[in-house]
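User: I am learning how to read a protein structure one feature at a time. Could you take me through this one, giving the general idea before each case?

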Amino acid sequence: MSETLFIADLHLTPTQPLMYHRFLSFLDTRVRKSDALYILGDLFDVWLGDDDDDPVYQKIKSALYEITRCGVPIFIMRGNRDFLLGIDFAQTTACQLIDDPSVITVYGTKYVLTHGDTLCTEDTRYLDFRQRVHLPWLQKLFLLQPLFLRRFLARKIRANSQIKTQTTAKTIMDVTSEGVSSVLETQNAYHLIHGHTHQPAIHRLTVNGQTAYRFVVGDWREDSAIILSCTHDGCQLIDL
Ligand code: LP5
Ligand code: MN
């Protein structure tokens, strides 16, 4: 069966072997037989630079390369946790880094792909933070720092973010209909796929007077991993 797979928010980290083993086995089984895999951000819980040589990251990179080497293309979008994924990572794994947003046509249907964080247009504190950490000069400066310092700063930012996400209304941290309509209208498309909110669902909406669909893939947990599988017949969410 021809299928193209979409996943996001795996949040892989060396301290959670169950999760990365599940990803390695997913690559080796379903992905190996697929037409392509799109990873829509937050493959990693945090990415502090391509020079981080933790053995677990090496294992994941080898597994990705093993699949791309066999001819299955893997596309990776950066998320709000792993926005520092860079050229070295792409070269080692032969994965293709794609922009956020990206527009693709799969089995004759046009899809807009995005991580999803920029659709949360009411979370202005986050969007302000995002703009800052995407400044190329700041990223360069950060990547020049020794890893222990990068880890220290990342821990501080994560702690700050954890307090924020626990104390902020869920509605503020969700996508807004303005954010969703705006990206679809700009790209002149009627199908949107994203992650980030960890609220897997297929939503029907109206854009420019036409029916549109918003597919939200789930995050990966110990007991579930909700991915999107698209074929010639359409797309469906599947719990692995
Ligand atoms: O990921 P999640 O769901 O928990 O929360 C996100 C938003 N938070 C983030 C931050 C990430 O969790 C941490 C990223 C670590 C990156 C490390 C590299 C740093 C490099 C920097 C240099 C180039 O994305 C959260 C959203 C939520 O999604 C829902 O959409 O609300 O947004 C925030 O929490 C951001 C806050 O609103 C503002 C943060 C101010 C940070 C100030 C840090 C001060 C630390 C000082 C260090 C000396
Ligand atoms: Mn995210």
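User: Is Arg 214 buried or exposed, and which side chain of opposite charge is nearest?

Analyst: The general idea is that buried means under 20% relative accessible area, exposed means over 50%, and partly exposed lies in between, with a 1.4 Å probe and the protein chains only. For charge, Lys and Arg count as positive and Asp and Glu as negative, while His and the chain ends are not counted, and a salt bridge is a side-chain nitrogen of Lys or Arg within 4 Å of a carboxyl oxygen of Asp or Glu. In this predicted model, Arg 214 is buried and yet has no salt bridge, with Asp 174, the nearest side chain of opposite charge, 5.3 Å away.

User: Before we go on, how should I treat the numbering and the values?

Analyst: Residues are numbered from 1 along each chain as its sequence is written, and chains are lettered from A and ligands numbered from 1 in the order in which they are written. Because this is a predicted model, local features need pLDDT of at least 70 and side-chain atom pairs count only at pLDDT 80 or more, whereas totals for chains, interfaces and linings use all residues; side-chain values use heavy atoms, and hydrogens and water are left out.

User: With which side chain does Arg 214 make a polar contact, and where does Arg 214 lie?

Analyst: A polar contact is a pair of N or O atoms within 3.5 Å; within protein, one must be able to donate a hydrogen and the other to accept it, and residues adjacent in sequence count only if both atoms are side-chain atoms. Here the side chain of Arg 214 makes such a contact with the side chain of His 194, at 2.9 Å. Helices (H or I, at least four residues) and strands (E, at least two) are DSSP runs numbered from the N terminus, and Arg 214 belongs to strand β9, residues 210-216. Contact in the wider sense means heavy atoms within 4.5 Å; leaving aside neighbours within four places in sequence, Arg 214 is in contact with residues including Val 175, Leu 192 and Ile 202.

User: Which residues come nearest to ligand 1?

Analyst: A residue is near a molecule if one of its heavy atoms lies within 4 Å of it. Of the 23 residues around ligand 1, those that come nearest are Arg 81, Asp 123, Arg 158, Lys 164 and His 196. An oxygen atom of ligand 1 is 2.6 Å from an N or O atom in the side chain of Asp 123, and an oxygen atom of the ligand is 2.7 Å from an N or O atom in the side chain of Arg 158. For Lys 164, a polar side-chain atom lies 2.7 Å from an oxygen atom of ligand 1. The protein covers 82% of the 1100 Å² of accessible area that ligand 1 has on its own, where accessible areas come from the Shrake-Rupley method with a 1.4 Å probe and, for residues, only the protein chains shown count as cover.

User: Which helix supplies the largest share of the shell around ligand 1?

Analyst: The largest share, nine residues, comes from α6, and α4 (124-133), α5 (136-143) and α6 (147-167) each supply at least two residues of that shell.

User: Which residues of helix α7 are buried, and what covers them?

Analyst: In helix α7, residues 177-187, the buried residues are Gly 179, Val 180, Ser 181, Val 183 and Leu 184, and their cover includes β6 (109-113), β7, β8 and β9.

User: Why does Thr 93 count as buried?

Analyst: Thr 93 counts as buried because its relative accessible area is 0%. Thr 93 is placed in helix α3, residues 87-93, and a polar atom of its side chain lies 2.8 Å from the backbone oxygen of Phe 89.

User: How do I read backbone angles?

Analyst: Most residues other than glycine have a negative phi, and most peptide bonds are trans. Here Asp 42, in the loop between β2 and α2 (55-69), has a positive phi near 60°, and Tyr 107, in the loop between β5 and β6, has a positive phi of about 50°. Asp 42 is buried at 1% relative accessible area, whereas Tyr 107 is partly exposed at 23%. A cis peptide bond, with omega about 0°, joins Asp 100 and Pro 101, and Pro 101 sits in the loop between β4 (96-98) and β5 (102-106).
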